[in-house]
Amino acid sequence: MAIDRSSLDRAVDDAGPDLSALAADLHAHPELAYEEHRACGSIAQALERAGLSVERELGGIATAFRARIGSGAAPRIAILAEYDALPEIGHACGHNLIAAGALGAFLALARHASELPGTVDLVGTPAEEGGGGKIRLLDAGAFRGVDAAMMYHPYDRDILSHPALATVRLVLTYRGAPAHAAIAPWDGFSALTACMETFRLIDSQRVHFRDGVRVHGIVTDGGQAVNVIPERAASVFLVRAPTLGELERIHAIVERCARGAALAAGVEVEIEARQGYKNMVNNVTLARRFGAALESLGRSPRETDPSVGSGSTDMGDVSHAVPSIHPYLAICDEGEALCHQRAFADCAVSERGFETARVAAKAMARTTADLLEDAALLGAVREEFTRQRRS
Ligand SMILES: [Zn+2]
């Protein structure tokens, strides 16, 4: 017998006050990447209060966890929770609401655990903000055997299938020769000149970038004394692109600019590339099914919205491994605030934010039930995933 969808909704509503309290508590105690001990503990306690067991330190990561319900057999669906915050601006990305929504969906499905024709995992994924928690979990095999993965993210509008950019972080360190900046500047080779020239050369290349590419950098060392020609200078760039192919091309351009600037200034440059996140490959078949659930709950999501920019997420890496969705749901009016702004942090602890977490929980619970019960849907999701991997 099919799982009663309205019973899933009721279960989310029943858990509503606890979900809001959890979201508010996480918001009041923001924790940075890999330090989310309190958040992790609170979610685990909520699961245990519901009689569910929690596998802590998933993949050897202190602040990752997993809970599992259902038959243990395939298909297996993963619902992902994030809970890390940002330095200075706390939960300005609303990950406290991601955690509440994921927990709500899982608790609702847990009420029907004995009826589930498959398995559902709640995966606690730390350190989305730069720490790549999901990449470490992927490497540890946490998504092996998962047929589809889903999460939602707070935003200023409802979008089902929004891009997220692939990234690579480049640390550029220049080494020249110091000299007194007044007595004998001709004896020096300025590392800072090369550092600044790199920014200008990159700007000169923007005309060749494809739409959606982002290259943004900061100077992390511009010298230490104004009367010394700087011997050392350093910058960090984040290179982002809609596809891994374009990322590779832009990465090469930025390296070329750094080497050209170093050559011109007569200094050395050391380039360190650090793996970033992969672009998000949205499974549109699954995103549309999630959208249908949202519509039945009274929301009017857009499939895409090119008028709003894209960030990056380690869910992109998950989406290259298993069929995935990462829809966005409004917690404020369109244009009122966006992720990483202080005003957005306020929205992440508002009644409207809590309401969105409940809607997301219901939609994820329904979509998960659809995936478990509807073999044709899962087949179509897999087929799209295979097609995307070939292209
Ligand atoms: Zn975020």
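**Salt bridges and a helix**

Modeller: Aspartate 9 and arginine 366 form a salt bridge, with their closest N and O atoms 2.3 Å apart. Please keep in mind that this is a predicted model.

Colleague: Where in the chain do aspartate 9 and arginine 366 sit?
Modeller: Aspartate 9 is in helix H1 (residues 5–28) and arginine 366 is in helix H10 (residues 351–373). The two are 357 residues apart, so the pair links distant parts of the chain.

Colleague: Are aspartate 9 and arginine 366 buried or exposed?
Modeller: Both aspartate 9 and arginine 366 are buried.

Colleague: What does glutamate 82 pair with?
Modeller: Glutamate 82 forms a salt bridge with lysine 134, and the closest N and O atoms are 2.6 Å apart. This pair also links distant parts of the chain, 52 residues apart. Glutamate 82 lies in the loop between strand S3 (76–81) and helix H3 (95–110), while lysine 134 belongs to helix H4 (residues 133–139). Glutamate 82 and lysine 134 are both buried.

Colleague: And which residue does arginine 157 bridge to?
Modeller: Arginine 157 bridges to aspartate 156, with 2.8 Å between the closest N and O atoms. Arginine 157 has a relative accessible area of 9% and therefore counts as buried, the cut-off being under 20%. Aspartate 156, at 2%, is buried as well.

Colleague: How many salt bridges are there in the whole structure?
Modeller: A search of the whole structure finds 35. Some residues are linked in a network of salt bridges, namely Arg5, Arg289, Asp370, Glu373 and Asp374.

Colleague: Let us change topic to H11. What caps its N-terminal end?
Modeller: Aspartate 374 does, through a side-chain oxygen 3.1 Å from the backbone nitrogen of alanine 376.

Colleague: How does the span of H11 compare with what it should be?
Modeller: Helix H11 (residues 375–390) has 16 residues, which should span 22 Å at 1.5 Å a residue. The end C-alpha atoms are 23 Å apart, which agrees.

Colleague: Which residues of H11 are buried?
Modeller: Leu377, Leu378, Val381, Glu384 and Phe385 are buried in H11. These residues are on the same side of H11, because they cover an arc of only 125° around the axis. In an α-helix there are 3.6 residues a turn, so residues three or four places apart point the same way.

Colleague: What covers that buried side, and what is on the face turned away from it?
Modeller: The cover over the buried residues of H11 includes helix H7 (284–296), helix H8 (315–321) and H10. The face turned away carries the exposed residues Ala375, Ala376 and Arg390.

Technical notes. Residues numbered from 1 in each chain as written. Predicted model: local features only at pLDDT ≥ 70, side-chain atom pairs only at ≥ 80, totals over all residues. Heavy atoms only, no water. Salt bridge = Lys/Arg side-chain N within 4 Å of Asp/Glu carboxyl O. Helix = DSSP H or I, 4+ residues; strand = E, 2+ residues; numbered from the N terminus. Buried < 20%, exposed > 50% of the residue type's maximum accessible area, 1.4 Å probe, protein only. Expected span 1.5 Å × (residues − 1). Arc of directions from axis to C-beta. Contact = heavy atoms within 4.5 Å. Polar contact = N/O pair within 3.5 Å; in protein donor to acceptor, adjacent residues only side chain to side chain.
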